[in-house]
Amino acid sequence: MKSVERKKVMVMKINISGLMSIIAEEERKFDTLSNILRSNIYSTSIQELNGTINIIDDYKEEFTKALEDYSNTMERISKLKAILYEKNNSFKLTDGRTIQEAIIDNTNLRKMKATYEMMINYRNVKKRVTEVNNSYFECKTLNFDIDKIKEELKVIDSKVQVTDFEISKLNSIEFEIDL
């Protein structure tokens, strides 16, 4: 009879917000390990002419441990992000959109809002131009109605706020993950 060794799996109840926090923490750890790998890439020794070697700085053990942790952390981040993406694509807002779809929509709405906010700062311009034998006004007229753009901004703000609120409610739903 064969004995089967199983990895210990920890099951944890968590919500999307908590999962995103764990992912951020793991990504910080990943960056730190990358820096450790860079700083421990070499060990230093002195070899005298008679062949005697004196080790000055030996980082092989630290490097090997950091490299293993680096690989494990990358796998953990990938697993956690896959869970996050799966949840973002399965939890639905009241209008039927998934969280992921709503995040994309809100990102695009925020880009529109920034453009509209820039547009409402413009005004019609009338400038007098005087030439040697001629004077006239150069008129620049806006190609849009500022009031309509301001109204559209209010609609965009409202849509973003409602969607953000629904996303935050969905982010608090607990589910189980295997760590």
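Q: Leaving aside neighbours within four places in sequence, which residues is valine 125 in contact with?
A: Valine 125 is in contact with Glu138, Cys139 and Lys140, once its neighbours within four places in sequence are left aside. Keep in mind that this is a predicted model.

Q: OK, and where does valine 125 lie?
A: Valine 125 is part of strand E4, which covers residues 125-130.

Q: Is valine 125 buried, exposed or partly exposed?
A: Partly exposed, because its relative accessible area is 42%, and that falls between the 20% limit for buried and the 50% limit for exposed.

Q: What separates the C-alpha atoms of valine 125 and lysine 111?
A: A gap of 26 Å, for two residues 14 places apart along the chain.

Q: Switching to helix H3: what span should it have?
A: H3 has 21 residues, so at 1.5 Å a residue it should span 30 Å.

Q: Which residues of H3 are buried?
A: Ile99, Ala102, Asn106, Leu109, Tyr116 and Met119. They sit on the same side of H3, because the arc they cover around the axis is only 135°.

Q: Why do residues three or four places apart point the same way?
A: Because an α-helix has 3.6 residues a turn.

Q: And what covers the buried residues of H3?
A: The cover includes H1, H2 and H4.

Q: Now the core. How many residues does the largest nonpolar core have?
A: That core has 16 residues, and the ones with the most contacts inside it are Leu19, Ile99, Phe175 and Ile177. Helices H1 (16-39), H2 (60-88), H3 (99-119) and H4 (146-171), plus strand E6 (175-178), are the elements that give two or more residues to this core.

Q: Which element gives the largest share?
A: H1, with four residues.

Q: What about a second core, which residues does it include?
A: The second core is separate and has nine residues, among them Leu109, Met119, Ile146 and Leu153.

Q: Is tyrosine 70 buried, exposed or partly exposed?
A: Tyrosine 70 is partly exposed, with a relative accessible area of 25%.

Q: What about phenylalanine 91 and phenylalanine 175, what kind of aromatic pair do they form?
A: An edge-to-face one, 6.1 Å centre to centre with 70° between the planes. Phenylalanine 91 lies in the loop between H2 and H3 and phenylalanine 175 in strand E6, so the pair ties together parts that are 84 residues apart in sequence. Both phenylalanine 91 and phenylalanine 175 are buried.

Q: Last one: where is threonine 73 found?
A: In helix H2. Threonine 73 counts as buried because its relative accessibility is 3%.

Q: What does its side chain reach?
A: The side chain of threonine 73 reaches the backbone oxygen of aspartate 69, at 2.7 Å. Leaving aside neighbours within four places in sequence, threonine 73 is also in contact with Glu26, Lys29, Phe30 and Leu33.

Terms used: Residues numbered from 1 in each chain as written. Predicted model: local features only at pLDDT ≥ 70, side-chain atom pairs only at ≥ 80, totals over all residues. Heavy atoms only, no water. Core = buried A, V, L, I, M, F, W, Y, C linked by side-chain atoms within 4.5 Å. Buried < 20%, exposed > 50% of the residue type's maximum accessible area, 1.4 Å probe, protein only. Contact = heavy atoms within 4.5 Å. Expected span 1.5 Å × (residues − 1). Arc of directions from axis to C-beta. Polar contact = N/O pair within 3.5 Å; in protein donor to acceptor, adjacent residues only side chain to side chain. Phe/Tyr/Trp six-rings, centres within 6.5 Å; stacked < 30°, edge-to-face > 60°.
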